[in-house]
Amino acid sequence: MLPKPGIYYLPWEVGAGHVPDGVTLRTFGRLCFYDMTQSRVTLRAEHRAEQHQVFVCTRLVEPFQAQVGYLYMVLGELEHQKDVGFVVKARVLTCVEGINLPLLERAVQEQRLYLQERDSCQYETSSPSSPHLLPHSSQSHCPPQPAPQATPTPLVATALYRSLPAS
């Protein structure tokens with residue numbers, strides 16, 4: 001059985017404890033510290049003039065070439081550890097230097113809106129015989145649903161890389 005693909009969480013959501021323990025997640029940050037002896041990386045991200053940290057256990061992805069100051073994306077499971085709090089146990093840790101962060105944040109927000117709309121529409125259309133589940137108006141705000149076999153899989157939100165100047 002394959003592991004879950006991971007839900008995007010912004011670094012300040014992970015650091016603030018808004019993510020449940022044990023969830024598979026994706027997040028990002030600038031690598032500011034790598035402790036090889038503890039197999040731990042600290043990623044940092046700035047949001048509203050505040051620095052937020054995400055601690056990452058790197059045991060499953062070592063050895064890797066850590067580049068301090070570079071932007072990394074991590075996929076893994078969140079777990080609580082006594083000594084530091086929440087730590088992401090990395091399954092994938094990759095350098096994504098050059099990614100457009102504001103565009104990535106916007107893509108994450110748009111993906112969340114899409115998934116909320118899709119889930120609410122599935123809930124409303126799953127039981128049309130129950131009038132209390134439908135909106136107060138006679139028309140549902142959900143678009144018509146295609147046949148199940150034709151339903152496209154939602155694409156994972158990704159950000160575009162900044163184009164590098166030609167030399």
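## Model and confidence

The protein chain has a mean pLDDT of 76, and 72% of its residues reach 70 or more; pLDDT is the predictor's confidence in each residue, from 0 to 100. This is a predicted model, in which local features need pLDDT of at least 70 and side-chain atom pairs count only at pLDDT 80 or more, while totals for chains, interfaces and linings use all residues. Residues are numbered from 1 along each chain as its sequence is written, and side-chain values use heavy atoms, with hydrogens and water left out.

Over residues 130-140, pLDDT stays under 50, and the model has 9 contacts beyond four places in sequence for this segment. Residues 147-165 also stay under 50 in pLDDT, with 25 contacts beyond four places in sequence. A contact here means heavy atoms within 4.5 Å. Where pLDDT is low, the predicted coordinates should not be read in detail.

Strand β5 spans residues 71-81 and is mostly covered, with 8 of its 11 residues buried. Buried means under 20% relative accessible area, exposed means over 50%, and partly exposed lies in between (1.4 Å probe, protein chains only). Helices (H or I, at least four residues) and strands (E, at least two) are DSSP runs, numbered from the N terminus.

β5 pairs with strand β2 (residues 24-35) in the antiparallel sense over 7 bridges. It also pairs with strand β6 (residues 85-95), again antiparallel, over 10 bridges. Two strands count as paired if DSSP finds at least two bridges between them. A hairpin through 3 residues joins β5 to β6. Met73 has a bridge partner on either strand: Met73 of β5 is the partner of Phe28, and Thr94 in β6 is the partner of Met73.

A search of the whole structure finds 4 salt bridges, a salt bridge being a side-chain nitrogen of Lys or Arg within 4 Å of a carboxyl oxygen of Asp or Glu. One of them is formed by Glu13 and Arg112, whose closest N and O atoms are 2.7 Å apart. Glu13 lies in helix α1 (residues 11-15) and Arg112 in helix α2, so this pair ties together parts that are 99 residues apart in sequence. Glu13 counts as buried at 17% relative accessibility, whereas Arg112 counts as partly exposed at 24%.

Another salt bridge joins Arg30 to Glu97, with the closest N and O atoms 2.8 Å apart. This pair links distant parts of the chain, since Arg30 is in strand β2 and Glu97 is in the loop between β6 and α2, 67 residues apart. Arg30 is partly exposed, with a relative accessible area of 32%, and Glu97 is partly exposed at 34%.

Arg118 is partly exposed, having a relative accessible area of 28%, and Asp119 is partly exposed at 40%.

Ser120 is placed in helix α2, which covers residues 101-126. A polar atom of the Ser120 side chain lies 3.0 Å from the backbone oxygen of Glu117. Ser120 is partly exposed, with a relative accessible area of 26%.

Methods. Polar contact = N/O pair within 3.5 Å; in protein donor to acceptor, adjacent residues only side chain to side chain.
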